[in-house]
Amino acid sequence: QVQLVESGGGLVQAGGSLRLSCAASGRTFSSYVMGWFRQAPGNERAFVAAIHWSTGSTYYADSVEGRFTISRDNAKNTMFLQMNSLEPEDTAVYYCAAARGVHTDFTSWGQGTQVTVSS
């Protein structure tokens, strides 16, 4: 099982930027897919972006494509989400998650970090 800890959330004005980090520890595999999800009050948790740990292939939700960039530092077992041009609709708790491979469920989750975008 891999343990995940997010950091970097906060309050930002619309149009601003934030960078989230997700530190992974425990047993990890090169086949892992790491992802970001978010959950706004009253909404279900939604996919934001994902990255294949070894190939670096990336996937984005339509709502963040072109504004958010997912990346990873394999040597530090850390994943990032650079969020630019933030909108009030991006306000949510952001979670990082890990899946053991492509087309498998995300089974490891962090505790979440709050992102609030003011208008």
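The model is predicted, so local features need pLDDT of at least 70 and side-chain atom pairs count only at pLDDT 80 or more, while totals for chains, interfaces and linings use all residues. Residues are numbered from 1 along each chain as its sequence is written, and side-chain values use heavy atoms, with hydrogens and water left out.

The protein chain has eleven strands and zero helices (DSSP runs numbered from the N terminus: E of at least two residues for strands, H or I of at least four for helices). Its radius of gyration is 13 Å, close to the 14 Å of the globule rule for 119 residues, so the chain is as compact as a globular protein of that length (taken over C-alpha atoms; the rule is 2.2 Å times the number of residues to the power 0.38). Buried residues account for 43% of the 119 (buried is under 20% relative accessible area, exposed over 50%, partly exposed in between, with a 1.4 Å probe and protein chains only).

Now for Glu6, which sits in strand S1, residues 2-7. With a relative accessible area of 5%, Glu6 is buried. Beyond its neighbours within four places in sequence, Glu6 is in contact with residues including Cys22, Trp36, Tyr95 and Cys96 (contact means heavy atoms within 4.5 Å). Gly112 is 106 residues away from Glu6 in sequence, yet their C-alpha atoms are 6.1 Å apart. The Glu6 side chain reaches the backbone nitrogen of Gln111 at 3.0 Å, and a polar atom of that side chain lies 2.9 Å from the backbone nitrogen of Gly112.

Note on methods. A polar contact is a pair of N or O atoms within 3.5 Å; within protein, one must be able to donate a hydrogen and the other to accept it, and residues adjacent in sequence count only if both atoms are side-chain atoms.
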